[in-house]
Amino acid sequence: MDEQFQVSADVPAIEDPGLQTVIDLSHQMAHGLRTNVRIRAGIRLVIEFGSFTNPDPAPYDAWIETVRLCLVPARERGDLLPSLDVNDLATCLVGSFTGIQVTSHVRTGREDLHHRVTDLWTFLLPGIVPGDRIQLFAAAGSPGLRAELGLLSADSPAVGVA
């Protein structure tokens, strides 16, 4: 189950984490779910164990804390609406990703997962980011990440929400 958290292992070393970091992490996790059997197994164990036995919140709490640590500097930079609580937002984002990946798994074997994650961000960004800052964020992931994961060429425009 710990394998799934390897995606976020480098977050503490990121010089300036923020909202795009969270967006990119969600796409990295989506990629891992599509390409790495150990990550898929870890997620499956977390979901099944949490659904059918005594649930262990630790895996979810770890993800929520990772997201929260990225959102704090985002809020300080003005990238999040001031009325938002970063703890609540982090919890909502992790829960939303979890639901999307489960739905994608059931419906398409996760073939559409990156598209669904992009939809998540496309629909959420206007509700969490001040309007004059939305264009700073790529719902489909940063160009470098898309190139690294082979999603699109680095020259492709970001799929934003503006």
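**View 1. Helix H1 is mostly covered.** Of its 17 residues, 13 are buried, meaning under 20% relative accessible area with a 1.4 Å probe and protein chains only. Helices here are DSSP runs of H or I with at least four residues, numbered from the N terminus. This is a predicted model, where local features need pLDDT of at least 70, side-chain atom pairs count only at pLDDT 80 or more, and totals for chains, interfaces and linings use all residues. Residues are numbered from 1 along each chain as its sequence is written, and side-chain values use heavy atoms, with hydrogens and water left out.

**View 2. H1 end to end.** The end C-alpha atoms of H1 sit 24 Å apart, which agrees with the 24 Å its 17 residues should span at 1.5 Å a residue. That expected span is 1.5 Å times one less than the number of residues.

**View 3. H1 alongside H4.** The axes of H1 (residues 19–35) and H4 (residues 86–108) come within 12 Å and cross at roughly 30 degrees; axes are lines fitted to C-alpha atoms over the stretch in contact, with angles from 0 to 180 degrees between N-to-C directions. The two helices are therefore roughly parallel, the label for angles under 35 degrees.

**View 4. Who touches whom between H1 and H4.** From H1, Val 22, Ser 26, Met 29, Ala 30 and Leu 33 meet Leu 93, Phe 97 and Gln 101 of H4, with contact meaning heavy atoms within 4.5 Å. Sorted by class, that's six nonpolar, two polar and no charged residues; Ala, Val, Leu, Ile, Met, Phe, Trp, Tyr, Cys and Pro count as nonpolar, Asp, Glu, Lys and Arg as charged, and the others, Gly among them, as polar.

Note on methods. Parallel < 35°, antiparallel > 145°, perpendicular 65-115°, else oblique. Buried < 20%, exposed > 50% of the residue type's maximum accessible area, 1.4 Å probe, protein only.
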